[in-house]
Amino acid sequence: MRKTVSVLLVSTLILAACGGIRDSRINPFNWFGRGEPAPVAASTEATNPLIPTRQGLFSSNRERPYAGQPIDTVSDLTIERVPGGAIIRATGVAAVQGVYDVRLIPGNEDDEAVDGVLTYSLQGLRRGGTVQGAPATREVTVARKVTNQTLSGARTIRVEAARNALQSRR
């Protein structure tokens, strides 16, 4: 029993001493050395390395265009300021149930303001659907973050639907 306690006490003291000796080879924290800058091979490709490339027998390498249709009406439009820009939140009521993948599609090219107006179209994909149920069951909400750079030329934000449009001014 005394030998076990003595061995544990000595090994604890040795390991504690390693913390005080920073440049010692005995210290296990120094075994791999400190991080040093290393050169990185420059990539000549213009692709985004964060987007995976799909390869294989069953992969589809083509992007499908968004086939959304305009939502029937826009019932609410809220713009919330956040660091770096704003969040545009629009609520709409679809004509049928079963609308999904709702998006705010930019109406202007390159998401830029034209004559001080930043326009978006409220669109969604339809899955069959019937005109049954209360309007609350057909309600959809979508949000989109825009940067301060996009907002710099905009004085009005307009969201359009099939039968109406709502806008908010600064």
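Reply: Start with Asp72, which lies in the loop between β1 (69–70) and β2 (73–82). Strands here are DSSP runs (E, at least two residues), and helices are DSSP runs too (H or I, at least four residues), numbered from the N terminus. The model is predicted: local features need pLDDT of at least 70, side-chain atom pairs count only at pLDDT 80 or more, and totals for chains, interfaces and linings use all residues. Residues are numbered from 1 along each chain as its sequence is written, and side-chain values use heavy atoms, with hydrogens and water left out.

Is Asp72 buried or exposed? Asp72 counts as buried because its relative accessibility is 18%. Buried means under 20% relative accessible area, exposed over 50%, and partly exposed in between (1.4 Å probe, protein chains only). Across the chain, buried residues make up 25% of the 170 residues.

Now the surroundings. Setting aside neighbours within four places in sequence, Asp72 touches Val93, Ala94 and Ala95, along with Ala161, Ala162, Arg163 and Asn164. Contact means heavy atoms within 4.5 Å. For the chain, 63% of the contacts with a separation of 6 or more join residues 24 or more positions apart.

Last, confidence. pLDDT is the predictor's confidence in each residue, from 0 to 100. The chain has a mean of 78, and 71% of its residues reach 70 or more. Confidence is lowest in helix α1 (residues 2–20), at a mean of 74, and highest in strand β6 (residues 139–147), at 92.
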